[in-house]
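Here are my notes on the model you passed along.

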Amino acid sequence: MLAARGVPMSRLAPATFAAAFSTSTVGASAYVVFALASSGGRRNSWLVLVCGAGGLVGGYLGARLRPHLPETALRLLLGALAAGLCAVYALPAPGLRRCSEQ
């Protein structure tokens with residue numbers, strides 16, 4: 001929303017990285033605590049490590065590439081990612097049935 005209102009990406013990116021890092025850290029920590037407390041144990045803890053590593057690599061690459069990309073390209077990339085994410089969320093999850101089909 002801030003990008004759509006014209007906030008420069010050079011001011012927007014650091015705040016976004018900080019917010020994403022903090023929420024991801026809290027979410028991953030909670031997931032690990034709940035996984036260890038459940039009967040399943042560490043069954044899916046690898047998922048936290050894989051997603052965390054992807055977030056670190058993406059954050060690093062984004063911070064390194066941002067100064068070298070024009071503002072318009074960054075805005076278009078952000079818009080394309082947001083539209084793609086909306087499309088993924090709009091599709092039904094594979095293997096799930098609707099309530100009317102149950």
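In what order do the elements of the chain run from the N terminus on?

1. Going from the N terminus, the order is α-α-α. Keep in mind that this is a predicted model. The tally for the chain is three helices and zero strands. Helix 1 covers residues 9-37, helix 2 covers residues 45-65, and helix 3 covers residues 71-90.

2. On burial, 9% of the 102 residues count as buried. The chain exposes about 8400 Å², and 70% of that area comes from carbon and sulfur atoms.

3. Now for the contacts. If you take those between residues at least 6 apart in sequence, 61% join residues at least 24 apart.

4. One pair I'd look at on screen is V32 and W46. In sequence the two are 14 residues apart, and their C-alpha atoms sit 9.7 Å from each other in space. V32 belongs to helix 1. With a relative accessible area of 29%, V32 is partly exposed; the cut-off for buried is under 20%, so V32 does not count as buried.

5. Which residues form a nonpolar patch on the surface? They are V57, Y60, L61, L65 and L69, and together they have about 470 Å² of accessible area. Of these, L65 is in helix 2, and residue 65 is also where that helix ends. L65 has 46% relative accessibility, which makes it partly exposed. Patch members need over 30% relative accessible area, so L65 qualifies on that count.

6. How many salt bridges does a search of the whole structure find? The answer is one. The partners are E71 and R75, whose closest N and O atoms are 3.2 Å apart. The cut-off is 4 Å, so a 3.2 Å separation falls within it.

7. Why might that pairing come about? In general, side chains of opposite charge can pair when their charged atoms come close. Here, E71 and R75 are four residues apart in helix 3, so about one helical turn separates them.

Note on methods
Residues numbered from 1 in each chain as written. Predicted model: local features only at pLDDT ≥ 70, side-chain atom pairs only at ≥ 80, totals over all residues. Heavy atoms only, no water. Salt bridge = Lys/Arg side-chain N within 4 Å of Asp/Glu carboxyl O. Helix = DSSP H or I, 4+ residues; strand = E, 2+ residues; numbered from the N terminus. Buried < 20%, exposed > 50% of the residue type's maximum accessible area, 1.4 Å probe, protein only. Contact = heavy atoms within 4.5 Å. Areas by Shrake-Rupley, 256 points an atom, 1.4 Å probe, with all protein chains shown as cover. Patch = residues over 30% accessible without salt bridge, like charges linked within 9 Å, V, L, I, M, F, W, Y side chains within 5 Å.
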